[in-house]
Amino acid sequence: MAGQVVLPGADPQANRYSVGASWTGDLTKARSELAACGHRDGFTIRADMDNPNQFPAMELVRTALGRVGIKLSLAGSCQDSYYCASPCFTFPGAPPAEERIALVMCTWTYDFPTTNAFWYPIAHTPAGSETGTLSPLQNAAVDAAIDRSLTVPPDQWAAAGQAVDRAVMDTATLLPYLFVKATYYRSARLANVYVSRYGGYDLVNLGVGGE
């Protein structure tokens, strides 16, 4: 059985925003950043999730941000209102800006395991109008890094992917908060078992053999 293919340049050790050796956060740094943006005592923002199963994780985020005065007002975790109220959607009938979601917790994966396939729909500037991305960055450095990932030779794919990761993280707009690992179990009777490019068993081509 083939192993799962990961994005070129993926680095689990990357830590753009250090939370300290004990993972308790740097409250002094956080308060300094709040003061720099004119919100020394914090602020209140609307937040939502694309899946109600994420509520426990959102509660942890709310507790963590509350330590420096940032208050989350949860919008209800309804997928319909979540997508309609996201900050990037400005179609007729969309909620006014003050009623839209400022912080969203959602999942994303690639259609194909390439840097461009993963990042373009959610981080490249034109994608805001083409695909309704949830995070219209409009950042020239991010756009350039994603574009470059399409042109470099294979031996530079990893470096190009890391460059995109760094460029996106520098915007502090899309932040990874959870790395998921899954254990796949299969019966010894199954035949023709392999992992597809999407990271799961190819169920269409499974067979049964043996006793």
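User: Is His124 buried or exposed?

Analyst: This is a predicted model, in which local features need pLDDT of at least 70, side-chain atom pairs count only at pLDDT 80 or more, and totals for chains, interfaces and linings use all residues. Residues are numbered from 1 along each chain as its sequence is written, and side-chain values use heavy atoms, with hydrogens and water left out. Buried means under 20% relative accessible area, exposed over 50%, and partly exposed in between (1.4 Å probe, protein chains only). His124 has a relative accessible area of 8% and is therefore buried.

User: Which side chain makes a polar contact with the side chain of His124?

Analyst: A polar contact is a pair of N or O atoms within 3.5 Å; within protein, one must be able to donate a hydrogen and the other to accept it, and residues adjacent in sequence count only if both atoms are side-chain atoms. Here the partner is the side chain of Asp147, at 2.9 Å.

User: Which residues of helix α6 are buried, and why do they lie on the same side?

Analyst: Helices are DSSP runs (H or I, at least four residues), as are strands (E, at least two), numbered from the N terminus. An α-helix has 3.6 residues a turn, so residues three or four places apart point the same way. In α6 (residues 140-149), the buried residues are Val142, Asp143, Ala145, Ile146 and Ser149. They share one side of α6 because they cover an arc of only 165° around the axis, the arc being that of the directions from the helix axis to the C-beta atoms.
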